[in-house]
Amino acid sequence: MKKSIRLILAACALFMLNQASASAQNGQPQRPQRQHQQAVQPIDTTGVQTLTREAGGTYVINTTLLGYDFRGYRGPTPLEIRIKKNRVVSVTALRNNETPRYFAMVREQLLPFYNGKTVKELKRANVDAVTGATYSSNAVKENVRRGLEYYEQHK
């Protein structure tokens, strides 16, 4: 019986060494990828218009359909981008399934960054993510990028 236990322990040790060796092939240990949760509820896209123009000349871009495939931590992060005379008037987060505590940081720190800037400026801008809300920040930045691209193609 002692011999079989030793064989099992040796096999486990060999397996663990192989795993460690394989994960350090590039000189750095591999960390498991973080699996984030699926969206709690799907976002309703019924009747969504991607681009509308208001009477005063303000264009309103809704990124619900544009950014549906790019996810934040818990799902899509649609935005409403208002543009007047090629200048962003406001970026507002629409209903999403992000964690409220972390998404509040994005609302406070990232969304105001876009206000008042021209579309041309924002295409060249390198926007930093909000620390602690990286997935949500990246989703917002990608939604803004796609929204501005759509605006330029369809205005």
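**Close-up 1. Threonine 64 is a buried residue, at 6% relative accessible area.** Buried here means under 20% relative accessible area, exposed means over 50%, and partly exposed is in between (1.4 Å probe, protein chains only). Threonine 64 sits in the loop between β2 (59-62) and β3. Its side chain makes a polar contact of 2.5 Å with the side chain of asparagine 62. For a polar contact, two N or O atoms lie within 3.5 Å; within protein, one must be able to donate a hydrogen and the other to accept it, and residues adjacent in sequence count only if both atoms are side-chain atoms. A word on the model: it's predicted, so local features need pLDDT of at least 70 and side-chain atom pairs pLDDT 80 or more, while totals for chains, interfaces and linings use all residues. Residues are numbered from 1 along each chain as its sequence is written, and side-chain values use heavy atoms, with hydrogens and water left out.

**Close-up 2. β3 and β4 make a hairpin with two residues between them.** Strands β3 (residues 79-84) and β4 (residues 87-93) run antiparallel, paired over six bridges. To count as paired, two strands need at least two bridges in DSSP; strands (E, at least two residues) and helices (H or I, at least four) are DSSP runs, numbered from the N terminus. Isoleucine 83 has valine 88 in β4 as its bridge partner. In the turn, look for lysine 85, with its positive phi of about 55°.

**Close-up 3. Glutamate 142, in helix α5 (residues 134-154), counts as buried at 15% relative accessibility.** Its side chain joins that of arginine 146 in a polar contact of 2.7 Å. Threonine 77 is 65 residues apart from glutamate 142 in sequence, yet their C-alphas are 9.6 Å apart.

**Close-up 4. The structure holds three aromatic pairs, and one of them is tyrosine 59 with tyrosine 151.** Their ring centres are 5.3 Å apart and the planes are at 70°, so this pair is edge-to-face. Rings of Phe, Tyr and Trp (its six-membered ring) pair if their centres lie within 6.5 Å; planes under 30 degrees apart are stacked, over 60 edge-to-face and the rest tilted. The pair links distant parts of the chain, with tyrosine 59 in strand β2 and tyrosine 151 in helix α5, 92 residues apart. Tyrosine 59 is buried at 15% relative accessibility, and tyrosine 151 is buried at 2%. Phenylalanine 113 and tyrosine 114 also pair edge-to-face, 5.4 Å centre to centre with 80° between the planes. Here phenylalanine 113 is partly exposed at 29%, whereas tyrosine 114 is buried at 3%.
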